[in-house]
Amino acid sequence: MLMGGVRVRGWGSVFETDALRLLVAVAETGSFTRAAGRLNYTQSAVSRRIAGLEQRAGGPLFERLPRGVRLNPAGRTLHRHAVDVLGRLARAERELAVLHAGQGGPLHMGAFATANISLVPTALRALQHDRPDVDVVAVEGSTGTLLARLADGALDLAVVSDYPSGLPSAEGVTTAVLCEDELLVALPRRHRLAGTGPVDLRELRDEAWLHSEYGDRPTMLADACARAGFTPRKIIRIAEWTGKFGYAAAGLGVALVPSLASRAVPDELVLCRLTDPALRRTVHVALPAAPLPAALKLRDLLRDAAPASPLPL
């Protein structure tokens, strides 16, 4: 069966939901007259509608008795399905009302990896408290992937950033700034520059850099190194943050780490500020043209959770 707003299509037949409601009312009251009074119909209108329903069903649905009517086997079969269909339509109507009011229903959201360390969980905890009936379905991905899914309608909200290669555009998607996120350098504790204060990037010109992208397109790291007058001697391509932290802790390279990720940095590493003021990224919240009320609520909670100033190291 395929349910529509007013019709349910079966095998070669179309049953209107009003006719199904009438079938249920007649079955419950045992009378065309009493069903007419319940639904504010005339008795002749009930008789016509039931006759039309029986024609679509392929035969009689009621036994006519001296004092009323009762369902025959075909009527009981259709009545069972009618109760199920009408119940599902009523539940759908209630769920849609809750969804459009922003009080419940599914909310599909996505975020990049380091936003999921603290920023997003803090906002989702507040949403769970304020709107406990909202069912959040969260995914993690790159900014480009998240914006594409948002444009396709697969997501209702996304947390994205312009790191490492700028913020791509997506049709029908609007973005708003959540916060500025300082980029720091992760060094092993035994490194000569660990704990010496802000680091000039030129002092790291002989280091290997741990980075997911380099050379394929402009990146903040490449631009910063160019401003400092050097090209990294070696790039070790690692996408996942756990891998970057592991390599850095082993002394195999250094990595740019956004301050939002500071809580996840292992004890074997030290985060140092850099003297280049341009080494920071912008974190955005992205929404479709017609966002759900629950998505707007989450946007506001993300703004509340976003750090207003650089995180302490």
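**Close-ups of a predicted model**

Trp241 and Phe245 are both buried (under 20% relative accessible area with a 1.4 Å probe, protein chains only). This is a predicted model, where local features need pLDDT of at least 70 and side-chain atom pairs count only at pLDDT 80 or more, while totals for chains, interfaces and linings use all residues. Residues are numbered from 1 along each chain as its sequence is written, and side-chain values use heavy atoms, leaving out hydrogens and water.

**View A. Two aromatic pairs turn up in the structure.** Rings of Phe, Tyr and Trp (its six-membered ring) pair if their centres lie within 6.5 Å; planes under 30 degrees apart are stacked, over 60 edge-to-face, the rest tilted. Phe32 and Phe62 sit with ring centres 6.1 Å apart and planes at 85°, so they go down as edge-to-face. Phe32 belongs to helix α2 (residues 32–39) and Phe62 to strand β4 (residues 62–65), so the pair ties together parts 30 residues apart in sequence. Helices (H or I, at least four residues) and strands (E, at least two) are DSSP runs, numbered from the N terminus. Phe32 and Phe62 are both buried. The tilted pair is Trp241 with Phe245, at 6.0 Å centre to centre and 40° between the planes.

**View B. Asp276 sits in the loop between β13 (269–272) and β14 (280–288).** With a relative accessible area of 17%, Asp276 is buried. Its side chain reaches the backbone nitrogen of Ala278 at 2.9 Å. Setting aside neighbours within four places in sequence, Asp276 is in contact (heavy atoms within 4.5 Å) with Ala224 and Arg227.

Methods: Buried < 20%, exposed > 50% of the residue type's maximum accessible area, 1.4 Å probe, protein only. Polar contact = N/O pair within 3.5 Å; in protein donor to acceptor, adjacent residues only side chain to side chain.
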